[in-house]
Amino acid sequence: KFLEDARSQLKQSLLEASEESCLPEVDPKDPSSADVPFIGLLNPSSGNKMGAVFLAEAERKLVYRSRMFHIVHVFIDKNGAMGRFGTQLDAAKEEAKTKMQAQPGKDFRPRLICGGGDGTASFALTCVFKALMNKGSNFSGFRWSSE
């Protein structure tokens, strides 16, 4: 109980410590910026449990709000989270295409940010594959090609 209370107080103090955010200012939608399109899956209940701090901060910043997801909510499709995640995956892919056209020779492949415990990376890939599967009762491939 003591450690849980201390961790909770630390998280709260990190959020209230200053006007500055723990997340950098980015503009991945701007074709002329160097910011790479991204999407994030965080597990606030595993690892050092700091995912909760980042998810709370992401809710306060417009650019992150639609890009950072609670990984368990995506996996179980809580309140349509899987659909929103899939839509944002597609948006990140399109942002990358637009940036590569605007800045030839630069690599703007969309990035997946994941955070949590030891199993979160494989859990995140499972969510990505699940979001990209073609709809239907039987597996019939993925809706993204290799292009």
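**Salt bridges, one by one**

I started with Arg 60, which has 52% relative accessibility and therefore counts as exposed, the cut-off being over 50%. I kept in mind that this is a predicted model.

Next I looked up what Arg 60 pairs with: its side chain meets that of Glu 57 in a salt bridge, 3.1 Å from N to O. Both residues sit in helix H2 (residues 51-60), 3 residues apart, or about one turn of the helix. Glu 57 has 5% relative accessibility, so I noted it down as buried.

How many salt bridges does the structure hold? I found 5.

Another one of them joins the side chains of Arg 67 and Glu 95, at 2.7 Å from N to O. Arg 67 is in the loop between H3 and E2 while Glu 95 is in helix H5 (residues 81-102), so this pair ties together parts 28 residues apart in sequence. Is this pair buried or exposed? Arg 67 and Glu 95 are both buried.

I placed it between helix H3 (62-65) and strand E2 (68-70). Its side chain also reaches the backbone oxygen of Phe 38, at 3.1 Å. Leaving out residues up to four places away in sequence, I saw that Arg 67 touches several others, including Pro 28, Lys 29, Ile 39 and Gln 88.

Last, I checked Asp 107, which forms a salt bridge with Arg 109, with the closest N and O atoms 2.7 Å apart. At 38% relative accessibility, Asp 107 counts as partly exposed.

Note on methods:
Residues numbered from 1 in each chain as written. Predicted model: local features only at pLDDT ≥ 70, side-chain atom pairs only at ≥ 80, totals over all residues. Heavy atoms only, no water. Helix = DSSP H or I, 4+ residues; strand = E, 2+ residues; numbered from the N terminus. Polar contact = N/O pair within 3.5 Å; in protein donor to acceptor, adjacent residues only side chain to side chain. Contact = heavy atoms within 4.5 Å. Salt bridge = Lys/Arg side-chain N within 4 Å of Asp/Glu carboxyl O. Buried < 20%, exposed > 50% of the residue type's maximum accessible area, 1.4 Å probe, protein only.
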